[in-house]
Amino acid sequence: MNVKKIIKTVFFTEIIKGMALTLKSMFTHAVTRQYPEEKRPAMPGFRGMHAFVRDPETGREKCIACGLCAAICPSQCIYIYTSEGPDNKKVAERYEIEVLRCIYCAFCVEACPVGAIALTEHFEYSDYSRDALYMDKERLLSNWDKYMAGPRGEEYFKKFWHPVSADFQAYDGQPVFKRG
Ligand code: SF4
Ligand code: SF4
């Protein structure tokens, strides 16, 4: 044991330091917020309640039922039941998320090729029943209407989730492999 450590042990310097800090904080303003009376807005890009993007042109979901979100979901909590639409295209007859198992990683958002699923900034949705936290397509679409419709949704995809081609550029001096 070196001298410094012996002095610290004998004179309880760490405890004294801790008590001094406590004493100091007793005369400063409390930083605790009295939630739910006192709220602050969620940080932009916060990963909250899921929403299904509504196509403004058709009024329907943008989802093309490719299943990529369900395949990438680490919690395996997305369930998609597909059928053939009137124009012979695959449609998501049912799209469900078991929110209680979700870890809010947003992989589903990033994997989606058409930007059809989003995580809204809304986080106040605790409930007493499991059913209330099982989202079906209609609930997901109404979440979009409530929290993300219009410019807010556009901004969301532009800023936070959807990788754009500008994200995949070579850095200066990156080796390039050429054929022949
Ligand atoms: S946020 Fe992650 S865990 Fe939740 S549904 Fe999407 S991929 Fe699954
Ligand atoms: S939400 Fe996106 S990734 Fe998931 S099935 Fe629909 S189109 Fe595919």
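Arg54 and Asp145 meet through their side chains in a salt bridge, 2.8 Å from N to O. The model is predicted. Arg54 sits in the loop between β1 and α3 (68–72), and Asp145 in helix α5 (residues 137–147), so the pair ties together parts 91 residues apart in sequence. Arg54 is partly exposed, at 26% relative accessible area. Asp145 is also partly exposed, at 37%.

A search of the whole structure finds eight salt bridges. One of them joins the side chains of Glu124 and Lys39, at 3.1 Å, N to O. This pair, too, links distant parts of the chain. Glu124 lies in the loop between β4 (117–119) and β5 (134–135), Lys39 in the loop between α2 (13–25) and β1 (50–52), and 85 residues separate them. Glu124 is partly exposed, with a relative accessible area of 33%.

The side chains of Glu98 and Arg101 form another salt bridge (3.1 Å, N to O). Glu98 counts as buried because its relative accessibility is 17%, under the 20% limit. Arg101, at 35%, is partly exposed. Arg60, Glu61 and Lys137 are joined into one network by salt bridges that share partners.

Now the domains. The assignment gives domain 1 (1–31) and domain 2 (50–163). Their C-alpha centres lie 51 Å apart.

Helix α1 covers residues 3–11. None of its nine residues is buried, so α1 lies largely in the open. Val10 belongs to this helix and is exposed, at 52%. Val3, Ile6, Ile7, Val10 and Phe11 make a nonpolar surface patch of about 480 Å². Phe12 follows α1, with a positive phi near 50°.

Last, ligand 1. Of the 13 residues around ligand 1, Cys73, Cys102, Cys105, Ala106 and Cys108 come nearest. The shell has 11 nonpolar, two polar and no charged residues.

Terms used. Residues numbered from 1 in each chain as written. Chains lettered and ligands numbered in written order. Predicted model: local features only at pLDDT ≥ 70, side-chain atom pairs only at ≥ 80, totals over all residues. Heavy atoms only, no water. Near = heavy atom within 4 Å. Nonpolar A, V, L, I, M, F, W, Y, C, P; charged D, E, K, R; others polar. Patch = residues over 30% accessible without salt bridge, like charges linked within 9 Å, V, L, I, M, F, W, Y side chains within 5 Å. Areas by Shrake-Rupley, 256 points an atom, 1.4 Å probe, with all protein chains shown as cover. Salt bridge = Lys/Arg side-chain N within 4 Å of Asp/Glu carboxyl O. Helix = DSSP H or I, 4+ residues; strand = E, 2+ residues; numbered from the N terminus. Buried < 20%, exposed > 50% of the residue type's maximum accessible area, 1.4 Å probe, protein only. Domains from an automatic or database assignment.
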